[in-house]
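Morning, everyone. I'll keep this short. Please look at the structure first, and then we'll go through it.

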Amino acid sequence: MDDLLLGRLLMSIISRNSPLPRYYQLKEIMREKIRGEEWKPGDLIPSERELSEQYGISRMTARQAITELVNEGLFYREQGRGTFVSRHRITQHLTQLTGFTQDMQARGQRASAHVLSARMWPADEKIAERLHIKSGDNVFRLHRLRIADGDPLALETSFIHFMGCERLLEEDLNAHSLYHLLDVKYGQPPLEADQELEAGLVGADEARLLKISVGSPVLYTRRTTYTERKQPIEYAASMYCGHKYTFYTHLQREHFVR
Ligand code: 16G
């Protein structure tokens with residue numbers, strides 16, 4: 001038997017004599033299956049029961065290995081369907097101001113939205129502060145599930161304010177880009193933004209919409225977007241599926257003195 005074949009075979013057996021814990025060995029075996037493309041992005045992986053039978057380990061050990069790979073982002077769980085190999089992540093650059101549709105188009109994907117609600121809404125104190133308006137002023141509130149090629153990626157709640165923003169009630173925001181409309185139709189081009197990121201775990205309602213398991217990791221973002229003369233036009237609170245995104249930023253050291 002050649003070394004490569006022997007290596008492959010050894011990589012698919014859990015050794016009882018190894019100092020490495022069994023869950024860890026199973027993790028390495030599954031990692032190898034992804035590396036070797038035996039398991040491809042989007043593939044359903046075997047259940048805990050199947051893995052425990054196949055490798056002669058307890059279901060708890062199989063569960064631990066799967067959970068750790070979910071937490072590392074290599075797998076993701078879908079409620080009631082099972083665990084899948086993660087697809088290639090979407091990289092969002094944190095140095096350029098782009099909208100969802102623009103991001104997806106740049107990747108050759110078709111962006112869409114499922115509008116969950118769109119209405120006028122009195123701003124509370126926090127939103128009023130972000131949009132530089134008075135608490136109780138009416139803003140256009142838009143709650144959307146964002147989808148790329150049929151895959152739900154994020155939930156976004158936008159609060160938009162400019163003179164005449166109620167005209168947005170008539171727009172078809174399932175099909176059209178908000179940023180494009182703001183720029184081209186309403187003369188409010190999104191030019192710059194302040195954005196915060198925070199880690200969290202998804203709750204039951206959002207998990208159902210995003211088709212992920214309750215408690216999966218998500219990334220919360222809060223973005224205030226400005227038009228000319230730093231006039232705020234949108235405050236958006238969004239939730240991105242943790243296993244589908246990488247946020248990238250280039251850093252440069254200022255005033256480097258040796
Ligand atoms: C981005 C923005 C969101 C904005 C949307 C417009 C973040 C982190 N992102 O997803 O604020 O409403 O783009 O997308 O909040 P659209 O032009 O496709 O409607």
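I'll start with the ligand and its surroundings, then turn to salt bridges.

One caution: this is a predicted model.

So, where does the ligand sit? It sits in the largest cavity. Strand 9 gives the largest share, four residues.

How many residues surround the ligand? The count is 17. The closest are Thr101, Glu156, Ser177, Leu178 and Glu234. Five residues are nonpolar, seven are polar and five are charged.

Next, the contacts to ligand oxygen atoms. Take Thr101, one of the closest residues. A polar atom of the Thr101 side chain lies 2.4 Å from a ligand oxygen. Tyr179 uses its backbone: an N or O atom there lies 3.1 Å from an oxygen atom of the ligand. Tyr240 uses its side chain, with an N or O atom 3.5 Å from a ligand oxygen.

How much of the ligand's accessible area does the protein cover? On its own, the ligand has 450 Å² of accessible area, and the protein covers 99% of that.

Last topic: salt bridges. Searching the whole structure gives 15. Here is one of them. Arg49 and Glu53 meet through their side chains, at 3.6 Å from N to O. Both belong to helix 3 (residues 48-55). They are four residues apart there, so about one helical turn separates Arg49 from Glu53.

That's my part. Comments, please.

Key: Residues are numbered from 1 along each chain as its sequence is written. This is a predicted model: local features need pLDDT of at least 70, side-chain atom pairs count only at pLDDT 80 or more; totals for chains, interfaces and linings use all residues. Side-chain values use heavy atoms; hydrogens and water are left out. A residue is near a molecule or strand if one of its heavy atoms lies within 4 Å of it. A polar contact is a pair of N or O atoms within 3.5 Å; within protein, one must be able to donate a hydrogen and the other to accept it, and residues adjacent in sequence count only if both atoms are side-chain atoms. Accessible areas come from the Shrake-Rupley method with a 1.4 Å probe; for residues, only the protein chains shown count as cover. On a 1 Å grid over the protein atoms alone, a cavity is a set of points where a 1.4 Å probe fits but cannot get out, and a pocket is an open set with protein on both sides within 12 Å along at least five of seven lines; lining residues have an atom within 4 Å of a point. A molecule sits in a cavity or pocket if more than half of its atoms lie within 2 Å of its grid points. Helices (H or I, at least four residues) and strands (E, at least two) are DSSP runs, numbered from the N terminus. Ala, Val, Leu, Ile, Met, Phe, Trp, Tyr, Cys and Pro count as nonpolar, Asp, Glu, Lys and Arg as charged, and the others, Gly among them, as polar. A salt bridge is a side-chain nitrogen of Lys or Arg within 4 Å of a carboxyl oxygen of Asp or Glu.
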